[in-house]
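Look over the chain shown here before reading on.

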Amino acid sequence: MLEPKIRAPKNRGFYVRMKLLPSKHGRSSVPQLEKKSFFYRNCKWVLWLSLSLYFFSSYLISNHPNQNNNNNKPTSFSKTHFSSLASRALYESTTNNITQKQGLHFNGLKIFVYDLPAKYNTDWLKNERCSTHLFASEVAIHRALLTSEYLTVDPYEADFFFVPVYVSCNFSTVNGFPAIGHARSLIASAINLISTQYPFWDRSHGSDHVFVASHDFGSCFHTMEDVAISDGIPGFLKNSIVLQTFGVKQKHPCQEVENVVIPPYVSPESVLRTLEKSPVTGRRDIFAFFRGKMEVHPKNVSGRFYSKRVRTMLWRKYNGDRRFFLQRHRFAGYQSEIVRSVFCLCPLGWAPWSPRLVESVALGCVPVIIADGIRLPFDDVVPWAEISVNVAEKDVGKLADILEHVASTNLSAIQKNLRDPRVPRALMFNDRVHEGDATWRVLSALANKRARSYRKSRVSSQ
């Protein structure tokens, strides 16, 4: 059930009435007062003025937090900005209600964020794409933790240690895609640095340290599955916790590490801009939509079959079908097409996951997942079976019939579930933690892994 919204009480102004008291004999003692000192003759007016200023300032002070509390209501998406540690105190004071509730959820969870040299993270932000592309969760989580109530500046009271290394911002000058060949060496360098300067890595062998691997095959750090499997997870990470977009239900070398499957990054600002022009409840005149890479000849120049031929099958089978709006070329405003669509196709690419999963949910389009065995983000709290349609890769040829059947049976129920604001909120990263958003879900997952914390094990043994 949705939690009731707490309305802040309205402030009411008040005033004080004062009057000069008469003398004992019912007459004003003017002659006596005139004999008193200047201060005595005016003290009552000074007292009245002081009390008036006191009550007026109290009114202003009490009114200010309530204005902030109205802004503290959890929302699905909110425009957020990067905040430095210097502004943390101000942020804490204006989010007291939410953070008290979060504290109850996570029972005093504390995260220490290593302050690494800029070459490991913020230097990469010189390219604006670094904080907005589909792998940008590594940036968003770092930012959110820095302004979170769960941040601690005392590493000795931390349950977990976050290592902020941005490995997905090295964009190729050839095709513009992220090149992650440097990822292993960059992370290894960061680990060497923190293990030299701090005792916390060595004491737990990294088991309470958290990394982000937001690209195709997660902590294997390669875009091609066969190479990723061959390389495997680097030994220095195998004892740590990895937040990664890659996840499958079957055994796979690239998830043989303690991991949390997280959603790919989609900019909340871009979603808001789209919804301002076209609300979720607006008219949907596109039955089935997909825009993206669909190779006519599925065998890539590398000799590999892209998307396991699924996207090629989609193009060949449904390109001429008027119910399907399929486009092979990029278009910056493609979210305006998603918000007009009933079904949004989310086929696998090189990896099974796709940012279309998040964009579809956020914009009210039913995601049609075509990726066998995919582990979906936060599947313990997001009701994927109730908000999406899952189609086996082998059944792509029957896709039109499957979607027609859904449209004539339970489409209304699925769309109603999609409109629950908690659903898109759980898949969106913000620059600050919002209750129920993607970083909040990461914190919840870490709280459930507290047994890996060195501090927790020490406290338990005492």
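The model is predicted, and the count of disulfides in it comes to 3. A disulfide is a covalent bond between the sulfur atoms of two cysteines. With the bonded cysteines of the protein chain numbered in sequence order, the pairing reads 1-2, 3-4, 5-6.

One of these links joins C130 to C169, with an S to S distance of 1.9 Å. C130 sits in the loop between β1 and α5, and C169 in the loop between β2 and α6, so this pair ties together parts that are 39 residues apart in sequence. The torsion about the S-S bond of C130 and C169 is about 70 degrees, so the disulfide is right-handed. Both C130 and C169 are buried.

Another link is formed by C220 and C254, whose sulfur atoms are 2.2 Å apart. C220 belongs to the loop between β3 and α8 and C254 to the loop between β4 and β5, so the pair ties together parts 34 residues apart in sequence. The torsion about the S-S bond of C220 and C254 is -110 degrees, and the link is left-handed.

C344 and C365 also form a disulfide, with their sulfur atoms 2.2 Å apart. This pair links C344 in strand β8 to C365 in the loop between α12 and β9, 21 residues apart. Why does C344 count as buried? Its relative accessibility is 2%, and buried means under 20%. C365, at 0% relative accessibility, counts as buried too. C346 is in no disulfide; the nearest cysteine sulfur, that of C344, is 6.7 Å away.

Now turn to the strands. Strands of a sheet pair through backbone hydrogen bonds, either parallel or antiparallel. Strand β3 (residues 209-213) runs parallel to β2, joined by 2 bridges, and F162 stands opposite V210 in β3. β3 also pairs in the parallel sense with β4 over 4 bridges, where F211 stands opposite V242. From β3 the chain crosses through helix α8 (residues 225-231) to β4, and this β-α-β crossover is right-handed. 5 of the 5 residues of β3 are buried, so this strand is largely enclosed by the rest of the structure. H209, F211 and A213 point one way from β3, and V210 and V212 point the other way.

An open sheet is formed by 5 strands in the order β7-β6-β8-β9-β10, with parallel pairing. β7 and β10 stand at the edges with a single partner strand each, so one side of each is left without a neighbour in the sheet. Within this sheet, 5 bridges join β8 to β9, and C344 has P367 in β9 as its bridge partner. Helix α14 (residues 399-408) lies across β6, β7, β8, β9 and β10, running at about 140 degrees to β8.

Note on methods: Residues numbered from 1 in each chain as written. Predicted model: local features only at pLDDT ≥ 70, side-chain atom pairs only at ≥ 80, totals over all residues. Heavy atoms only, no water. Buried < 20%, exposed > 50% of the residue type's maximum accessible area, 1.4 Å probe, protein only. Pairing = 2+ DSSP bridges. Right-handed = clockwise from strand over helix to strand, strands pointing away. Contact = heavy atoms within 4.5 Å. Axes fitted to C-alpha atoms, helices over the stretch in contact; angles between N-to-C directions. Disulfide = S-S within 2.5 Å.
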